[in-house]
Amino acid sequence: MPQAPNPLRRALWLTVLASAFTPLILYTVVSAADGVTDVLAKATGDQTAVTGVAFSPDGRLLATAGGDGTVRLWNPATGQPAGPSLQATSAHAAVRGVAFSRDGKLLATAGGDGRVRLWNPATGQPVGAPLQTGSGSHGVFGVAFSPDGKLLASARADGTVRLWDPATGQPVG
């Protein structure tokens, strides 16, 4: 990617690229350490790390996973919060990943506490009980929905990948 020579030009460059490559540019916007593009994390004055990002399928919401155990939902068109923060883990365990289901009705969070949680992004309320991915101190580092939305995969720090039925919260296989 060509480098833009100044912050204003860089912002314009990112805006142009965002229209064609939104997920890639979002990662750059949220995780860049240069202070120019760290826009969403600074919007609330939150100083914790942003450890994961995901767009809703319609592009109207952006979820950010935080090192403080919260998930924040944003309106990417305005850069403003889209509701209150979701307390996805205890304050001492980071949220390490987020993923929207294909229909956008579920948001999955990967917790450093070893749990996967499902949320209704429209209401900010949890859906069902947390999914316990295993015993021990290994946290969950990632979550992903299958293209048809019938499976949810979780990845743990110990190398375990588990499949879940998001409708029932039960492991598959």
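## Confidence and architecture

The mean pLDDT of the protein is 77, and 70% of its residues reach 70 or more. Over residues 1–38 the pLDDT is below 50; this stretch has 38 contacts in the model beyond near neighbours in sequence. Where pLDDT is low, the predicted coordinates should not be read in detail.

This is a predicted model, in which local features need pLDDT of at least 70 and side-chain atom pairs count only at pLDDT 80 or more, whereas totals for chains, interfaces and linings use all residues. Residues are numbered from 1 along each chain as its sequence is written, and side-chain values use heavy atoms, with hydrogens and water left out.

The secondary structure comprises three helices and 14 strands, taken as DSSP runs (H or I, at least four residues, for helices; E, at least two, for strands) and numbered from the N terminus. Of the 173 residues, 39% count as buried, that is, under 20% relative accessible area with a 1.4 Å probe, protein chains only.

## Strand pairing

Two strands pair if DSSP finds at least two bridges between them. Two such pairs are listed below.

| Pair | Sense | Bridges |
|---|---|---|
| S1 (residues 50–55) and S2 (residues 62–66) | antiparallel | five bridges |
| S11 and S12 | antiparallel | five bridges |

S1 and S2 form a hairpin with six residues between them, and glycine 59 in the turn has a positive phi of about 75°. Valine 53 stands opposite threonine 64 in S2.

S11 and S12 belong to an open sheet of four strands, ordered S11-S12-S13-S14 with antiparallel pairing. Its edge strands are S11 and S14 (170–172), each of which pairs on one side only. Phenylalanine 145 stands opposite leucine 152 in S12.

## Serine 146

The loop between S11 (140–145) and S12 (152–156) contains serine 146. Serine 146 counts as buried because its relative accessibility is 17%. Its side chain makes a polar contact with the side chain of aspartate 148 at 2.6 Å; such a contact is a pair of N or O atoms within 3.5 Å, where within protein one must be able to donate a hydrogen and the other to accept it, and residues adjacent in sequence count only if both atoms are side-chain atoms.

Technical notes: Buried means under 20% relative accessible area, exposed over 50%, partly exposed in between (1.4 Å probe, protein chains only). pLDDT is the predictor's confidence in each residue, from 0 to 100. Contact means heavy atoms within 4.5 Å.
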